[in-house]
Amino acid sequence: MSDLAEPAGELADQLDRIADRIDELAFAELREAVADGDGKRPDTDKRLMQARRAIDKAAHLLRSLDQGL
């Protein structure tokens, strides 16, 4: 096991929590858009989801350090 595995796993866990927070923000944006009667997905939601995907990728890469991928 790499010496990086434990701290990398902890960082990945932190990124998971950040991704969860981004989900909360995105859902709030969607709720607000629906309440305002907007008929399309807000641009801010699209950007938040793009950021979430990047964070998910980073967490996956950090976890792969433990698996030697």
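Let me start with helix α2, residues 43-67, in this predicted model: at 1.5 Å a residue its 25 residues should span 36 Å, and the end C-alpha atoms lie 37 Å apart, which agrees.

Which residues of α2 are buried? They are D45, L48, M49, R52, I55, A59 and S64, and what covers the buried residues of this helix includes α1, which runs over 5-35. As a general point, an α-helix has 3.6 residues a turn, so residues three or four places apart point the same way.

Now to the chain as a whole, which has two helices and zero strands. Its radius of gyration is 16 Å, well over the 11 Å that the globule rule gives for 69 residues, so the chain is more spread out than a compact globule. Along the principal axes, the C-alpha trace spans about 55 × 15 × 10 Å.

Of the 69 residues, 25% count as buried, and the chain exposes about 5200 Å², of which carbon and sulfur atoms supply 54%. Finally, among contacts between residues at least 6 apart in sequence, 71% join residues at least 24 apart.

Key
Residues numbered from 1 in each chain as written. Predicted model: local features only at pLDDT ≥ 70, side-chain atom pairs only at ≥ 80, totals over all residues. Heavy atoms only, no water. Helix = DSSP H or I, 4+ residues; strand = E, 2+ residues; numbered from the N terminus. Expected span 1.5 Å × (residues − 1). Buried < 20%, exposed > 50% of the residue type's maximum accessible area, 1.4 Å probe, protein only. Contact = heavy atoms within 4.5 Å. Rg over C-alpha atoms; globule rule 2.2 N^0.38 Å. Areas by Shrake-Rupley, 256 points an atom, 1.4 Å probe, with all protein chains shown as cover.
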